[in-house]
2 protein chains.
Amino acid sequence: MTASQEMLKADKTTDDKSRVRLWLRLLRASRAIEGELRERLRTTYNVTLPRFDVMAALYREPEGMLMSQLSKYLMVSNGNVTGLIDRLTTDGLVQRTLRDGDRRTSVVLLTKEGRENFEQMAASHREWINELLSHFSPDEAESLAETLKVFASDWEGEAR
Amino acid sequence: MTASQEMLKADKTTDDKSRVRLWLRLLRASRAIEGELRERLRTTYNVTLPRFDVMAALYREPEGMLMSQLSKYLMVSNGNVTGLIDRLTTDGLVQRTLRDGDRRTSVVLLTKEGRENFEQMAASHREWINELLSHFSPDEAESLAETLKVFASDWEGEAR
DNA sequence: TTAAATTATTTCAAATATAAAATATCTAAG
DNA sequence: CTTAGATATTTTATATTTGAAATAATTTAA
């Protein structure tokens with residue numbers, strides 16, 4: 001093995017540890033927060049986290065979203081979205097509407113009840129996040145968010 | 001509304017935005033990475049991510065772990081762990097052994113096959129993480145990991 | 001000792017999740 | 001027009017996940 005190969009290997013190993021550690025921390029942080037939010041949504045509003053996530057996505061788009069848009073935005077499979085929307089529709093929180101041009105697609109949007117329902121939950125949700133992330137000052141939060149921004153565009157864009 | 005109440009409300013709103021944005025970024029980052037790792041584990045080793053996670057936890061503890069320890073460490077429900085261990089046991093990667101003192105508990109550990117199997121996957125897993133987090137320098141990764149460390153101990157400890 | 005409370009795990013039902021296959025529709029080349 | 005390919009969604013089979021209830025074993029307290 002050449003000296004430069006040795007060097008390469010040494011660097012690689014160093015990188016390994018810090019990046020793997022970062023990933024494990026990232027994963028634990030999001031699992032911990034997600035678990036806490038799931039629990040609070042359930043006990044306070046009797047709603048599951050996936051349903052809340054879908055409603056949050058739809059709330060941001062008053063014109064509605066396609067199933068495929070929802071799937072991509074939430075980073076879950078198509079079949080998963082179908083089931084979630086089915087159940088939310090049954091409960092009158094969401095509705096599917098036909099589109100003019102393309103009969104393959106249907107636009108999904110919140111019903112009036114769904115919108116009102118979500119607004120209540122969203123207020124609590126914001127407060128809970130502020131509580132759970134209170135360890136970070138607004139400035140720290142801003143800066144950390146900026147650091148993590150890369151994942152929304154970097155390799156994700158081309159890979160998916 | 002008094003002046004101090006106005007002030008309070010203004011601060012609250014500011015905090016809201018940055019911390020919520022941070023949470024959404026954190027969530028998207030971990031979902032993106034998790035999805036990519038899941039896909040690669042599936043196509044390369046025909047293993048699911050939850051099974052890999054269980055094996056990773058057990059690999060760190062050669063003496064084995066209790067079901068409840070696994071559940072707490074992975075932050076998933078008890079019932080979930082039971083099913084995963086059942087399937088891993090069926091496939092010969094994991095085994096349950098009786099304990100001397102307490103007949104309610106059983107110690108779960110990797111079989112020789114499970115250990116060898118995991119070592120192969122873990123090497124790829126490390127490389128993939130370094131690739132996916134290559135945007136961060138080792139120093140940045142180290143520092144970011146330190147920042148996120150708080151979630152492993154802060155409010156999580158008392159809440160669960 | 002014995003009943004009550006606690007602890008560890010499993011079982012259960014329902015929801016969520018994935019990936020692959022099937023279905024339906026649209027688009028475009030000829 | 002017609003058909004091959006692309007696109008959007010649903011269906012299917014299986015696995016994962018949760019939370020609650022059930023089971024089993026241990027510990028505690030009277």
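Colleague: Which residue does A:Arg40 meet in a salt bridge?

Modeller: A:Glu36, with 3.1 Å from N to O. Bear in mind that this is a predicted model.

Colleague: Fine. Where do A:Arg40 and A:Glu36 lie?

Modeller: Both are in helix 1 of chain A, four residues apart, so about one turn of the helix separates them.

Colleague: And is A:Arg40 buried or exposed?

Modeller: Buried. The cut-off is under 20% relative accessible area, and A:Arg40 comes in at 16%. A:Glu36 is buried too, at 10%.

Colleague: Okay, on to the contact between chains. Which residue meets A:Asp53 in a salt bridge?

Modeller: B:Arg31, at 3.1 Å from N to O. The pair crosses between chains, with A:Asp53 in helix 2 (residues 49–59) of chain A and B:Arg31 in helix 1 of chain B.

Colleague: Why does A:Asp53 count as buried?

Modeller: Because its relative accessible area is 17%, and buried means under 20%. B:Arg31 is at 22%, so that one is classed as partly exposed.

Colleague: What else forms a salt bridge with B:Arg31?

Modeller: A:Glu34 does, with the closest N and O atoms 4.0 Å apart. Shared partners join A:Glu34, A:Asp53 and B:Arg31 into one network.

Colleague: Tell me about A:Glu34, then. What does it touch?

Modeller: Leaving out residues up to four places away in sequence, A:Glu34 touches A:Leu49, B:Trp23, B:Leu27 and B:Arg31. A:Glu34 is in helix 1 of chain A and is buried, at 18% relative accessibility.

Colleague: How many salt bridges cross the interface of chain A and chain B?

Modeller: Six. Over all chains the count comes to 22. The interface also has 19 residue pairs in polar contact.

Colleague: How much area do chain A and chain B bury between them?

Modeller: About 5,700 Å², and 66% of that is on carbon and sulfur atoms. Chain A brings 53 residues to the contact and chain B brings 52.

Colleague: Which residues of chain A does B:Arg21 touch?

Modeller: A:Glu142 and A:Ala145, if you set aside neighbours within four places in sequence. B:Arg21 lies in helix 1 (residues 3–45) of chain B and is partly exposed, at 34% relative accessibility.

Colleague: Last topic, chain A as a whole. How many helices and strands does chain A have?

Modeller: Seven helices and three strands. Along the sequence the pattern reads α-α-β-α-α-β-β-α-α-α.

Colleague: And what share of chain A is buried?

Modeller: Of its 160 residues, 45% count as buried. Chain A exposes about 9,200 Å², with carbon and sulfur atoms supplying 49% of that. As for contacts in chain A between residues at least 6 apart in sequence, 52% join residues at least 24 apart.

How values were computed:
Residues numbered from 1 in each chain as written. Chains lettered and ligands numbered in written order. Predicted model: local features only at pLDDT ≥ 70, side-chain atom pairs only at ≥ 80, totals over all residues. Heavy atoms only, no water. Contact = heavy atoms within 4.5 Å. Buried area = accessible area lost by both parts, 1.4 Å probe. Salt bridge = Lys/Arg side-chain N within 4 Å of Asp/Glu carboxyl O. Polar contact = N/O pair within 3.5 Å; in protein donor to acceptor, adjacent residues only side chain to side chain. Helix = DSSP H or I, 4+ residues; strand = E, 2+ residues; numbered from the N terminus. Buried < 20%, exposed > 50% of the residue type's maximum accessible area, 1.4 Å probe, protein only. Areas by Shrake-Rupley, 256 points an atom, 1.4 Å probe, with all protein chains shown as cover.
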